[in-house]
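Here's a quick briefing for anyone meeting this structure for the first time. Have a look at the picture, then read on for a guided tour.

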Amino acid sequence: MAFKSPHVSLVSFSVEIGAADTTNVMQIETDLHLNTRHPSYDAAAVERLVRDAQAYLAGNAGQVTRIRLVSTRGGQT
């Protein structure tokens with residue numbers, strides 16, 4: 001099942017290898033600011049994206065064990 005949610009521009013998959021384990025990671029790129037101090041931070045939109053990602057993770061736990069959100073927006077406060 002493909003992941004769909006507002007503000008998502010790209011979804012990719014990677015594998016992280018550690019000394020003790022291997023983790024399947026789904027990376028979600030978003031146009032939202034994820035820095036809570038940024039003036040354009042939209043808490044409701046970020047919360048929705050997190051809920052959608054958690055629901056996807058729950059339904060695909062055998063394939064994905066971790067989700068990473070990455071903002072494509074620049075800017076610091």
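**A quick tour**

Let's start inside the helix: Asp 52 and Arg 48 both sit in helix H1, four residues apart, which is about one turn of the helix. Their side chains meet in a salt bridge, at 3.6 Å from N to O. Keep in mind that you're looking at a predicted model. The chain has one helix and three strands, and along the sequence they come in the pattern β-β-α-β.

**The sheet**

- The three strands make an open sheet in the order E1-E2-E3, with mixed pairing.
- Strand E1 (8-17) and strand E3 (66-71) are at the edges with a single partner strand each, so one side of each has no neighbour in the sheet.
- From one strand to the next, the twist averages 25°.
- E1 and E2 run antiparallel and are joined by nine bridges.
- These two strands, E1 and E2, form a hairpin, with four residues between them.
- Strand E2 (residues 22-30) and E3 run parallel instead, and six bridges join them.
- For a couple of places to look, find Glu 16, which stands opposite Thr 23 in E2, and Gln 27, whose bridge partner in E3 is Arg 68.

**The helix and the crossover**

- To get from E2 to E3, the chain passes through H1, and this β-α-β crossover is right-handed.
- Helix H1 covers residues 43-59 and lies across E1, E2 and E3.
- Compared with the direction of E3, H1 runs at about 155°.

**The salt bridges**

- How many salt bridges does a search of the whole structure find? The search turns up two.
- One of them joins Glu 16 to Arg 68, with the closest N and O atoms 2.0 Å apart.
- Glu 16 belongs to strand E1 and Arg 68 to strand E3, so this pair ties together parts that lie 52 residues apart in sequence.
- Asp 52 is partly exposed, with a relative accessible area of 21%; the cut-off for buried is under 20%, so Asp 52 does not count as buried.
- Arg 48 is partly exposed as well, with a relative accessible area of 42%.

**The chain as a whole**

- Along the principal axes, the C-alpha atoms fill a box of roughly 40 × 30 × 15 Å.
- The chain has 77 residues, and buried ones make up 23% of them.
- Its accessible surface is about 5100 Å², and 50% of that belongs to carbon and sulfur atoms.
- Take the contacts in the chain with a separation of 6 or more: 59% of them are between residues 24 or more positions apart.

How values were computed. Residues are numbered from 1 along each chain as its sequence is written. This is a predicted model: local features need pLDDT of at least 70, side-chain atom pairs count only at pLDDT 80 or more; totals for chains, interfaces and linings use all residues. Side-chain values use heavy atoms; hydrogens and water are left out. Two strands pair if DSSP finds at least two bridges between them. Axes are lines fitted to C-alpha atoms, for helices over the stretch in contact, and angles run from 0 to 180 degrees between N-to-C directions. Contact means heavy atoms within 4.5 Å. A salt bridge is a side-chain nitrogen of Lys or Arg within 4 Å of a carboxyl oxygen of Asp or Glu. Buried means under 20% relative accessible area, exposed over 50%, partly exposed in between (1.4 Å probe, protein chains only). A crossover is right-handed if, with the strands pointing away from the viewer, the path from the first strand over the helix to the second runs clockwise. Accessible areas come from the Shrake-Rupley method with a 1.4 Å probe; for residues, only the protein chains shown count as cover.
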